[in-house]
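Here are my notes on the structure you passed along. Please read them with the sequence and the model side by side.

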Amino acid sequence: MPVERTLSIIKPDATRRNLTGRINAVFEAKGLRIIAQKRLQLSRAQAENFYAIHRERPFFNDLVAFMISGPVVVQVLEGENAVAHNRDIMGATDPKKAAPGTIRAEFAENIEANSVHGSDSAENAANEIAFFFAGIEITG
Ligand code: GDP
């Protein structure tokens, strides 16, 4: 399987509850390496740009308000098949539907405050990594 990189965000519901370390432990235990990481307070414009693909969805304004409600931790995860592997580790968007043992099943509060974001394709991963990180910040 190819070694890939994916963009992960630990969302404000999780940073608020001091879950960064526990979520990172799941990534590491499941074979994803955290090769870049920083904690940020997103501005409204930054959150709107990041989620521009969802602009027409009914929950867009709520999602942006949630994502700026506290700090996030943005990170680059590297590993075999990292994009799909991270989606499996995260679990379904709605924690009620997420498989047992996934991050969202274990930690998410609800369908919006669902603790983590993960890129959903290799193309989006490349764009999302470039949105948050300069090349010099990614150590490999
Ligand atoms: P993901 O790829 O699993 O994160 O899911 P999506 O790309 O469909 O949605 C992006 C994010 O929007 C999700 O992770 C949630 O934080 C939020 N979201 C998705 N569906 C809903 C919804 O029905 N209501 C609300 N309030 N937020 C949602």
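The points below take the salt bridges and then the ligand site.

1. This is a predicted model. Please keep that in mind when reading the distances and accessibilities quoted in the points that follow.

2. A search over the whole structure gives five salt bridges.

3. Arginine 5 and glutamate 78 form a salt bridge, with 2.9 Å between the closest N and O atoms. Arginine 5 belongs to strand β1 (residues 3–10) and glutamate 78 to strand β3 (residues 72–80), so this pair ties together parts that lie 73 residues apart in sequence. The two partners fall into separate accessibility classes: arginine 5 is partly exposed, at a relative accessible area of 36%, while glutamate 78 has 18% relative accessibility and counts as buried, because buried means under 20%.

4. Lysine 38 pairs with glutamate 137 in a salt bridge whose closest N and O atoms are 3.1 Å apart. Lysine 38 is in strand β2 (residues 33–40), whereas glutamate 137 is in the segment after α7 (122–132), so the bridge ties together parts 99 residues apart in sequence. Lysine 38 is partly exposed, with a relative accessible area of 22%. Glutamate 137 also counts as partly exposed, at 35% relative accessibility.

5. Glutamate 106 forms a salt bridge with arginine 22, and here the closest N and O atoms are 4.0 Å apart. The pair links distant parts of the chain, 84 residues apart: glutamate 106 sits in helix α6 (residues 103–107) and arginine 22 in helix α2 (residues 20–29). Glutamate 106 counts as partly exposed, with 49% relative accessibility.

6. Asp13, Arg17 and Glu109 are joined in a network of salt bridges.

7. Which residues surround the ligand? They are Lys11, His54, Arg57, Phe59, Leu63, Arg87, Thr93, Arg104, Ile111, Glu112 and Asn114. The space that the ligand takes is the largest pocket.

8. For asparagine 114, the corresponding side-chain distance is 3.0 Å. Taken alone, the ligand exposes 550 Å², and the protein buries 81% of that.

Technical notes:
Residues numbered from 1 in each chain as written. Predicted model: local features only at pLDDT ≥ 70, side-chain atom pairs only at ≥ 80, totals over all residues. Heavy atoms only, no water. Salt bridge = Lys/Arg side-chain N within 4 Å of Asp/Glu carboxyl O. Helix = DSSP H or I, 4+ residues; strand = E, 2+ residues; numbered from the N terminus. Buried < 20%, exposed > 50% of the residue type's maximum accessible area, 1.4 Å probe, protein only. Near = heavy atom within 4 Å. Polar contact = N/O pair within 3.5 Å; in protein donor to acceptor, adjacent residues only side chain to side chain. Areas by Shrake-Rupley, 256 points an atom, 1.4 Å probe, with all protein chains shown as cover. 1 Å grid on protein atoms, 1.4 Å probe; cavity = no way out; pocket = protein on both sides within 12 Å on 5 of 7 lines; lining within 4 Å. Sits in = over half its atoms within 2 Å of the grid points.
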